[in-house]
Amino acid sequence: MQKLLLLGDEAIAQAAIDGGISGIYAYPGTPSTEIMEYVQASKTAKENNIRALWSANEKTAMESALGMSYAGKRAMVCMKHVGLNVAADAFVNAAITGANGGLVIVAADDPSMHSSQNEQDSRFYGKFALIPMLEPSNQQEAYDMTRYAFELSERMRIPVLLRITTRLAHSRTGVECSDPEKQNELKLPDNLRQFVLLPAIARKQYRELLGKQTQMEAASAESGYNRIIAGSDKNLGIIACGLSFNYLLENYTNGKLEHPVLKIGQYPLPLDLVNELYESCEEILVLEDGYPVIEELLRGMLNKGKKIKGRLDGTLPRDGELNPVIVGFALGKKHLQGSVVPDLVKNRPPKLCDGCAHNDAFLALNEALASYGRGRVFSDIGCYTLSALEPLEAINSCVDMGASITMAIGAADAGLVPAVAAIGDSTFTHSGMTGLLDAVNNNSPITVIILDNSTTGMTGGQTSSAFGKIDNIVRGLGVSEEHIKVLKPLHKYHDENVAIIKEELEYQGVSVLIPRRECIQTLNRRMRQKAMAKTMNI
Amino acid sequence: MKKDIILAGVGGQGILSIAACIGLAALEESLFLKQAEVHGMSQRGGAVQSNLRLSSDPVASDLIPAGKADLIIAVEPMESLRYLPMLDHSGWIITSINPFINITDYPEMEQLMKEIWKLPRYITLDANSMAKDCGNIKAANMVVLGAATPFLGLEYSSIESAVKKLFNNKGDEIIELNLKAVQMGREHALKQM
């Protein structure tokens, strides 16, 4: 088979296509976005009629995928780690209903928070939901494990979680693909009550899930994704999870390891293998690109067994992603360093693009708020979060998707009037609409600014579920017509926009202002494509 | 054969196109490669880098260990210095001297160049002017790629065929322009080495 040069994300997408999925569901989120984008761009996926559209949020995506599984077909759902918080209700309960068609959930974690607000480890969710979990160490494994995950899901009638991290997701290498499978036929679950989680049924289903744990552990022992690699120096045994195995290998020339290593790629952990390593070595080093999940289990609360080294005893840093040098230090190896960075090299933080509409919107907001003083703008997750930094310093919060509107409600209830919420169009339909309904029912004295750049900007300009629908949604939620205003965020309308914002700040109820201008990046892309099409025609 | 390369620049300057060209050329020579890219937040005018590893043996880590890079290829002079701790003491820096100034405390050009000239092994080039001479300033990244070609351990013909592949759907004129840009950068580097 020919090797394709694929990102980890793309390897997963290709495997899903080859694995016979009938649909993929997702909300954009770094570092998971490219999985859906790859399927959307795939000719094979189009020819095979694979459903590949963005969902409004991760919860709706998870539920739609579960519905496809109910109907007997294979489905994939993808999200970044914090997206799994949004989908958690559906995710945890999908473990109780179980799957019909193969159902694979991809959670892309972001240790070191390259593009995220935390570095939570999705393996906790897998354990919490009591489902099998796979953690690839490289892009080839990402492909192979995805294929295996669908098979495992159907064999055990259970959803399977695939956990990856940023480096794997966004690193490219040659990947060998295997023979494609056909899509499943429509087939209802044998038991039509399987998905009805009434307490009496849920209790039975839950006991079934608990009963499957032994089988899941057996699968982890048999799949080959967990294995012990022999090493002569048994003073130390190493458990290497997922990607960390590569950083370990990098410290030895020709891939010759000196200590016994248990390479982990599938959960729940096969206890026999863990025990074999533990019994044969003096000390254990645990390498995890994320939270110390296994390390904590191995130490136990009292830590009275063998010495366990890792993130909890300071052998490795407590936070952040691993790399070859950090792992080398843990092995007692000395590393070369290049020269130091000269002092004159300055930081270059990300910023809003030149010509970005958000810039004009926040300049107007800052001026309108000047007389009230700083510290009353709650915001959200998107490009506009960058307005917290200099020179704008326009916003005071960024917590989770949709929190701008609801935090403004609470702050206004506490007496911070006026309070402002600034949220993007895609974030608004992701998780802002219900908050706005609360505000209307509460008649909160807040000014909600929906920054409408008509795309999901930060992740690279994916279609926004909100496109062309915001005004009607806001109306439908009950905001009164005279307090819904669309602004043109351009320098030439600055004074006009300041006046409108000032007026609405004084209103003692819910106002919604919608600065609307297309994202400069998507606009440029469209123009380039147009120009290209023109030259091609000539 | 092993080449560990750091590509450096500012979001939007086209370092991923350089990476793609080198990657395609390496594939043509049946080498193993891993290329870690930066996507997401920092793409918005922030400092971006990519780790590109080529080898005749399988590559383990997606990230280059500090102090082990053979080459830093930068499309911006200040960015060429940001990853010095990654560079092996015998490594080369290939950098454009055209600054991308989007911060208020950007250093004086003269001071910046002095820091680069202190390094033992470097190639500096005015990629923007050279790209303009070729017909389009947007090809500046390809000029920088060209200047790196003598250090990559790859056949020049593999690079040329990679450029053709990368710009395949953009028409012959664009392909020719980019090939010329790569050639111009290469000749400059060969003279300066």
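Author: Here are the labels, each set against its cut-off.
This is a predicted model: local features need pLDDT of at least 70, side-chain atom pairs count only at pLDDT 80 or more, and totals for chains, interfaces and linings use all residues. Residues are numbered from 1 along each chain as its sequence is written, while chains are lettered from A and ligands numbered from 1 in the order in which they are written.

Reader: What makes α17(A) roughly parallel to α18(A)?
Author: The axes of α17 (residues 403–413) and α18 (residues 425–442) of chain A cross at roughly 25° and come within 7 Å. Angles under 35 degrees count as roughly parallel, so α17(A) is roughly parallel to α18(A). The crossing is left-handed: the near helix is turned anticlockwise from the far one by less than a right angle.

Reader: Which residues of α17(A) meet α18(A)?
Author: I405(A), T406(A) and I409(A). Their partners in α18(A) include G432(A) and L436(A). Contact means C-beta atoms, placed from the backbone, within 7 Å.

Reader: Which residues of helix α6 of chain B are called buried?
Author: S158(B), I159(B), A162(B) and V163(B). A residue is buried if 20 or more other C-beta atoms lie within 10 Å of its own.

Reader: Why do the buried residues of α6(B) line one face of the helix?
Author: Seen down the axis, they fall within an arc of 140°, so they line one face. Their cover includes α1 (15–28) and α7 (172–192) of chain B.

Reader: How many residues of chain B are in contact with chain A?
Author: 43, against 40 residues of chain A. β2(B) gives the most to that side of chain B, with four residues.

Key. Buried ≥ 20, exposed ≤ 12 C-beta atoms within 10 Å, placed from the backbone. Helix = DSSP H or I, 4+ residues; strand = E, 2+ residues; numbered from the N terminus. Arc of directions from axis to C-beta. Contact = placed C-beta atoms within 7 Å. Axes fitted to C-alpha atoms, helices over the stretch in contact; angles between N-to-C directions. Parallel < 35°, antiparallel > 145°, perpendicular 65-115°, else oblique.
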